[in-house]
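Q: I have a model open and would like to learn how to read its features. Could you walk me through them?

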Amino acid sequence: MTAPLDLPLQYQARLIARGAISAVELTQAALDRISARDGISRAVVDLNAGALALAREIDEMPAEQRPPLAGLAFGVKDIIDVAGQPTRCGSHTHDASPAQDATAVARLRQAGMIPLAKLATYEYALTGPAWDQPNPPARNPWNPDHITGGSSSGSAAAVAAGMMRVALGTDTGGSIRAPAAYCGIVGLKPTHGLVPDAGCFPLSPSLDVIGPLAGCVADAALVLDAIAPGAGAMRKIGQDIKGMKIAYGRDWFADDPRCDPALLQGLDDTCAALSLLGAQIHLTPLPAYDRLEAAGTVILQAEALTTHRTPLSQNYDKYGVDARRNLLTGAVPDDADIARARQIGLEFRAAVDVIFADHAAILLPTTLGPAPAFADFADGPVWTAMRTLPFNLSGHPALSLPCGLAANGLPLGCQLVTRHKDEATLCQIGHALEQAVLPLPRPL
């Protein structure tokens with residue numbers, strides 16, 4: 001029998017609503033999982049000491065007064081404020097004690113969900129893994145010798161390890177989607193600006209987005225609709241995709257020597273699965289990738305240095321070595337470089353919108369291979385091959401889904417992209433695909 005904690009959120013909510021399980025029992029099950037599994041995953045940096053009390057309040061509430069997601073647990077990346085818990089941003093230089101929730105957290109509370117834990121992140125969501133931060137790096141539940149991806153590292157590990165069904169993360173260049181791909185779960189980057197960012201420590205405001213990492217597409221959609229009312233992410237789930245035109249950006253990765261052979265096969269197999277569901281797949285060229293990644297990096301680094309310039313000058317030695325080096329690269333671009341980068345982003349957005357005039361979605365990989373080993377980072381940060389940052393530049397919503405396993409047994413991920421504010425179609429296609437293919441085995 002499937003444990004209640006491993007059921008999709010909708011099913012957990014139904015169990016609580018009909019009294020088959022209490023909110024306290026479900027919360028305790030999650031706490032027990034953390035106790036049993038986090039010694040390996042190292043995802044949790046602070047437990048909510050009041051979680052069981054919140055669950056007890058829900059159980060004592062008349063059933064007709066309970067909000068729709070009453071009693072369901074979620075985790076929070078530790079750059080997002082949770083009232084009563086510290087926000088440390090994975091750094092020795094930041095130790096805030098917020099009195100208020102971030103807007104996204106407050107909205108999940110209003111829906112009845114319980115913030116269970118703050119989760120590990122790379123320092124200020126910058127770079128990692130690193131060992132000079134307050135907590136050791138989160139480890140991949142599939143193989144603890146491998147990273148989970150950054151910087152929503154703890155959020156991905158916690159969900160993949162089954163400690164909770166959903167966690168909030170942030171995505172500036174792929175930090176929801178890449179960890180989701182590396183950990184065999186779902187990661188949803190919403191349209192830029194759809195989710196309020198109040199209460200979230202910024203990295204690059206032009207690119208930053210808050211979104212869910214989750215056990216399935218429906219879980220991600222349910223949470224997105226709670227943190228972005230009106231998004232309608234659940235609206236089309238369960239509808240078929242027959243007749244939809246989907247662009248396949250195969251030229252963006254197929255000839256890249258860093259592309260894992262199993263990933264190419266997995267993406268081609270994904271196209272076959274979509275075709276069997278009635279979608280029409282069209283090979284579609286996209287603008288050159290490297291130029292887009294370079295433009296996004298210029299904007300990200302310049303804006304990150306703007307945020308950190310004063311605290312970096314005041315607490316230079318307290319920043320981690322990799323974080324310092326990363327931030328200082330933001331001093332290289334001048335105003336003309338940044339203006340050119342923004343123009344490249346606008347041109348890319350226009351080019352993608354032309355594709356969406358005839359297609360419902362674009363299919364791409366998330367990363368070009370499985371999670372690297374920690375040993376690969378012995379000499380410092382390594383830029384891993386991804387296909388994510390351009391959609392932070394353009395602001396389009398994107399969804400990472402599992403896409404099979406590499407030869408070493410680690411997960412691979414594919415990515416769907418849709419029009420601005422069309423999370424409904426994004427989740428419709430993602431859910432249909434998820435239902436059509438065999439699920440990955442559990443990592444634990």
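Q: How much space lies in the second largest pocket?
A: Rolling a probe the size of a water molecule over the atoms shows where empty space is left. Here about 580 Å³ lies in the second largest pocket. A pocket is an open set of points on a 1 Å grid over the protein atoms alone, where a 1.4 Å probe fits, with protein on both sides within 12 Å along at least five of seven lines. Its volume is the space filled by probe spheres set on the points, which are joined across faces, edges and corners. This is a predicted model: local features need pLDDT of at least 70 and side-chain atom pairs pLDDT 80 or more, while totals for chains, interfaces and linings use all residues. Residues are numbered from 1 along each chain as its sequence is written, and side-chain values use heavy atoms, without hydrogens and water.

Q: Which residues lie nearest the centre of the second largest pocket?
A: Its lining (residues with an atom within 4 Å of a point) has 31 residues, and Leu-126, Thr-127, Gly-150, Trp-383 and Met-386 lie nearest the centre. Helix 9 (289-314) gives two or more residues, as do helix 6 (177-183) and helix 10 (321-328). Helices (H or I, at least four residues) and strands (E, at least two) are DSSP runs, numbered from the N terminus. The largest share, three residues, comes from helix 9.

Q: What is the volume of the largest pocket?
A: The largest pocket has about 1,100 Å³. Of its 42 lining residues, Gly-215, Pro-402, Glu-434, Pro-439 and Leu-440 are the closest to its centre. Strand 10 and helix 13 (423-436) are among the elements that each supply at least two lining residues.

Q: How does strand 10 pair with strand 11?
A: Strands of a sheet pair through backbone hydrogen bonds, either parallel or antiparallel. Strand 10 (residues 398-405) and strand 11 (residues 411-417) are antiparallel over six bridges; two strands count as paired if DSSP finds at least two bridges between them. Pro-402 has Gly-413 in strand 11 as its bridge partner. The open sheet has eleven strands in the order 1-3-2-4-6-5-10-11-9-7-8, with mixed pairing. Strand 1 (44-47) and strand 8 (280-283) each have a single partner strand, so one side of each lacks a neighbour in the sheet.

Q: How many salt bridges are there?
A: Side chains of opposite charge can pair when their charged atoms come close. With a cut-off of 4 Å from a side-chain nitrogen of Lys or Arg to a carboxyl oxygen of Asp or Glu, the count is 13 salt bridges. One of them joins Arg-33 and Asp-6 (2.9 Å, N to O). Arg-33 lies in helix 2 and Asp-6 in the segment before helix 1, so the pair ties together parts 27 residues apart in sequence.
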